[in-house]
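Q: I'm new to this one, could you walk me through it?
A: Gladly; have a look at it, and then ask whatever comes to mind.

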Amino acid sequence: IARNFSNSSAMQSAIKNITVIGGGLMGSGIAQVSAQAGQNVTLVDLSPEVLAKSQKSIGANLGRVAKKVYKDKPQEGEKFVAESMARIKTSTDPAAAAKSADLVVEAIVENMGVKHKLFQQLDAVAPEHTIFASNTSSLSINEICSVVKRKDRFGGLHFFNPVPVMRLLEVVRGAETSDATYKTMMEWGKAVGKTCITCKDTPGFVVNRLLVPYICEAIRLYERGDASARDIDTAMKLGAGYPMGPLELADYVGLDTNKFILDGWHNKYPDQPLFKPIPLLNKLVSEGKLGVKAGEGFYKYEKK
Ligand code: NAI
């Protein structure tokens, strides 16, 4: 976090005003890193309760950042938190919020129809120069932007959870993303403290295209009875140096999320063997064993 912060304060970006749509897990993180890098943020959600909760959690997270970065200067830390918070406005009206944005980052529900409706509405009212980006994990950027006129000013900005901690940003170039848009997105990513990589609009981009099939292969291995869950996880931690085993990671991400991504890809690419449905995964999800958040997945957890 300290590294992100010091990087971001030194960088400049052509983007000054950003609108983040969706104030959930990802949207609130994107709003936080943008505000702490000096950008004016409007955070939008349909629900005022979600916005109030987001503001509270952003305040708490900024407090933690301040404690680290301004260890010996608590007053400067307080100023940093207050100034960053003051840069975040909230709204329940996406169209009004897009009118003053240089960049709109969408982080709403992972549903093509809902995203289409939102972007169509925004395209009609946002200024000419405004760039639109989606934080989608599993949908196609080209398909999302098919409903807007500004296809050259559209791309993917794919963050990782938790946004303030994870240092990577995947910058996704759609078929019609212009060089200028791509360059602006890369510069903005650096300005908010992320290391950016570039990827074409392919399923899962880089990280999830590798990670989801890897997790699925671990589930299949366990399903066949080739090894116990604990041994599969120990093997990958001690043998491959991964910080978490694949089944622990699946529980952490949520088995419903894993299934949702896999099913989406399978429907689109039915011949790809890595994307085939997994009976054990479907069974666990149907039983409500969704992983850490449900108290049980491949392992049992104390319910929070
Ligand atoms: P979330 O469920 O925590 O938040 C989504 C928010 O969007 C909710 O607060 C909901 O009220 C709001 N919303 C829904 N429709 C809306 C609309 N039309 N206008 C305004 N607000 C609306 O979801 P989360 O996890 O933050 O995911 C959001 C997006 O980010 C999805 O596209 C997901 O694929 C992507 N993503 C998620 C990651 C994760 O680890 N959860 C990682 C990277 C990307």
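Q: How do the residues of the shell around the ligand divide into nonpolar, polar and charged?
A: In this predicted model, the shell around the ligand consists of 9 nonpolar, 7 polar and 3 charged residues.

Q: And which ones are the closest?
A: Of the 19 residues that surround the ligand, the closest are Leu25, Met26, Asp45, Glu110 and Lys115.

Q: What lies 2.7 Å from an oxygen atom of the ligand?
A: That is a polar side-chain atom of Asp45, while for Glu110 a polar side-chain atom lies 2.6 Å from a ligand oxygen. The side chain of Asn135 also has an N or O atom 3.0 Å from an oxygen atom of the ligand.

Q: How much of the ligand does the protein bury?
A: The protein buries 74% of the 830 Å² that the ligand exposes when taken alone.

Q: Switching topic, what about helix H9, where is it?
A: Helix H9 covers residues 207-223, which makes 17 residues, and from its first C-alpha to its last it reaches 24 Å, close to the 24 Å expected at 1.5 Å a residue.

Q: Which of its residues are buried?
A: The buried residues of H9 are Asn208, Val212, Pro213, Tyr214, Ile215, Cys216, Ala218, Ile219 and Arg220.

Terms used:
Residues numbered from 1 in each chain as written. Predicted model: local features only at pLDDT ≥ 70, side-chain atom pairs only at ≥ 80, totals over all residues. Heavy atoms only, no water. Near = heavy atom within 4 Å. Polar contact = N/O pair within 3.5 Å; in protein donor to acceptor, adjacent residues only side chain to side chain. Areas by Shrake-Rupley, 256 points an atom, 1.4 Å probe, with all protein chains shown as cover. Nonpolar A, V, L, I, M, F, W, Y, C, P; charged D, E, K, R; others polar. Helix = DSSP H or I, 4+ residues; strand = E, 2+ residues; numbered from the N terminus. Expected span 1.5 Å × (residues − 1). Buried < 20%, exposed > 50% of the residue type's maximum accessible area, 1.4 Å probe, protein only.
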